[in-house]
Amino acid sequence: MISKVKSCALAGIDGIIIDVEVDLSSGLPAFDIVGLPDTGIKESKERIKAAIKNCGYTLPVKRIIVNLAPADVKKEGAVYDLPIAVALLSLTGIIPQTALEDYMICGELSLDGEIRRVNGVLPMAIIARDKGIKNIIVPKANALEAGVVDGINVFPATDLYSVVKHLTGEQVMEPVSVNVDEIFSDKDFYELDFADVKGQESVKRAVEVAVAGGHNILMIGSPGSGKSMIAKRIPSILPAPTFQEALETTKIHSIAGVLPENVSILKNRVFRSPHHSVSAVGLVGGGTVPKPGEISLAHNGVLFLDELPEFTRQSLEVMRQPLEDGKITIARVNASYTFPANVLFVASMNPCKCGYFGDVKHRCTCSPNDISKYVGKISGPLLDRIDIHIDVPAVQYDMLQDDAKAESSADIRARVQKAREIQSVRFKDERIFSNSQMTPAMIRKYCAITDDAKEILKTAFESLGLSARAHDRILKVARTIADLEGAEQIDFNHIAEAIGYRSLDRKYWLQ
Ligand SMILES: Nc1ncnc2c1ncn2[C@@H]1O[C@H](COP(=O)(O)OP(=O)(O)O)[C@@H](O)[C@H]1O
Ligand SMILES: [Mg+2]
Ligand SMILES: [Zn+2]
């Protein structure tokens with residue numbers, strides 16, 4: 001006698017259908033699960049047995065073999081507790097086998113039969129819908145995630161007993177419904193707004209340029225100068241995400257299990273700010289069944305590394321490739337897993353170890369050697385991914401006393417949006433969407449500059465000793481500055497401003 005029900009595994013950000021087959025045969029009573037990694041099988045069996053018993057049913061005294069197919073897909077055990085229990089109960093005649101045909105079932109059981117949340121319910125519901133499965137039973141704690149998927153009934157389950165009653169038709173659960181249009185109709189929803197940031201016009205301008213062209217940015221300034229305050233407000237000036245973008249970001253959060261219970265979809269641009277003690281795996285993802293890291297959790301949003309030189313060299317090193325590619329690929333013996341990681345990378349640092357080099361009000365206690373050692377920690381490969389470095393001056397008292405409201409995020413966002421539209425027209429036949437992604441060939445094609453602009457670029461080069469890389473970065477950023485102005489050609493002022501965003505190139509200790 002065999003009973004079958006569908007469940008799901010995860011590979012990267014997508015679900016893979018798993019067939020849960022339970023076979024009952026005569027012979028010595030036994031309970032075996034095949035197709036799961038060894039760790040976890042024992043616990044699974046204990047949970048299933050206890051949950052069935054505690055819901056008032058009895059486990060058949062026979063030889064039970066559970067097969068999770070395909071065998072070569074990496075699985076994490078707990079998701080299959082509920083489908084295994086349901087398939088077992090259909091073999092004992094409690095649930096009719098036909099009732100399971102149109103279902104995918106996912107959920108972890110506790111010993112008393114309660115259903116606990118599992119990770120990745122959103123991609124599971126998507127693959128179920130795509131494969132024509134009509135219904136999915138998921139833990140109630142995750143049900144809202146799945147609820148945004150159209151074309152499938154999502155049943156929120158609290159315990160094994162109510163799942164049985166649902167499948168026998170005795171007490172049918174109400175499917176969850178999420179009104180996506182309503183969620184997306186409210187456009188202005190950021191709690192933190194640039195209107196709170198007084199003064200600092202040049203820094204805000206640099207941030208606007210960064211967001212408009214997708215340029216990674218590093219802010220350098222003494223403690224209290226407002227770097228963190230500004231960074232946290234960057235999501236509010238990014239164009240609102242499309243439904244598809246929001247869905248992709250939400251999938252990643254669903255898989256990582258970090259989506260709050262009352263949230264169905266992340267309609268805001270995300271902001272992730274991992275502490276500098278984060279491991280390399282925590283940053284870019286990993287594990288036996290790979291999970292996304294911070295850079296993927298920030299997908300379509302902002303990844304902020306505060307106090308950049310405090311991160312380990314290894315952490316900074318592993319960021320390099322994903323920042324370049326907009327995704328991260330993790331190789332395992334049988335498969336490789338890809339997680340999207342298209343982020344605006346924002347970093348901050350003090351100018352030196354004590355924090356006050358260049359500060360007019362405090363005395364810096366660092367030696368030139370200390371300073372070059374401190375800044376040197378971030379030089380090299382990662383710094384190469386950052387188009388804009390800007391000094392953040394200490395806040396002036398008068399500035400804070402100024403009652404006039406600064407420009408709102410909505411106003412800045414409107415200009416960013418316009419500049420992005422220009423870029424999407426420019427790059428409609430290329431495989432990129434922002435100025436920051438231009439290849440050297442594209443830079444030659446799209447960054448025509450006036451003669452006087454060429455002149456100042458040459459002078460800057462000779463006096464600052466800029467590298468060829470800095471040259472290309474200046475052109476890309478100048479392209480964005482011109483786009484913000486709606487200008488076709490890059491002129492003197494655009495280049496001059498872009499040169500100003502190479503703060504670290506100008507510092508003597510990096511020469
Ligand atoms: N330009 C500003 N306008 C208003 N408040 C500011 C400004 N700059 C700093 N502050 C205040 O100072 C606090 C410390 O700033 P913070 O962003 O933490 O500095 P940093 O990250 O550079 O050390 C902020 O929370 C804010 O209250
Ligand atoms: Mg800070
Ligand atoms: Zn110092």
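Reader: Which residues in H15 meet Thr-480, Asp-483 and Leu-484 in H18?
Author: In this predicted model, local features need pLDDT of at least 70, side-chain atom pairs count only at pLDDT 80 or more, and totals for chains, interfaces and linings use all residues. Residues are numbered from 1 along each chain as its sequence is written, and chains are lettered from A and ligands numbered from 1 in the order in which they are written. Contact requires C-beta atoms, placed from the backbone, within 7 Å, and helices are DSSP runs (H or I, at least four residues), numbered from the N terminus. The residues in H15 that meet those three in H18 are Arg-415, Ala-419, Ile-422 and Gln-423.

Reader: At what angle do the axes of H15 and H18 cross?
Author: Axes are lines fitted to C-alpha atoms, for helices over the stretch in contact, and angles run from 0 to 180 degrees between N-to-C directions. The axes of H15 (residues 409–426) and H18 (residues 468–485), which come within 8 Å, cross at roughly 115°.

Reader: Which helix gives the largest share of the shell around ligand 1?
Author: Ligand 1 is surrounded by 14 residues, with Lys-198, Gly-226, Lys-227, Ser-228 and Met-229 the closest, where near means a C-beta atom, placed from the backbone, within 6 Å. The largest share of this shell, three residues, comes from helix H8 (residues 227–232).

Reader: How many residues of domain 2 are in contact with domain 1?
Author: The protein is divided into domain 1 (2–168) and domain 2 (194–404), with bounds from an automatic or database domain assignment. Their centres, taken over C-alpha atoms, are separated by 40 Å. Domain 1 contributes 17 residues to the contact, and the number from domain 2 is 20.

Conventions
Helices (H or I, at least four residues) and strands (E, at least two) are DSSP runs, numbered from the N terminus. Two residues are in contact if their C-beta atoms, placed from the backbone, lie within 7 Å.
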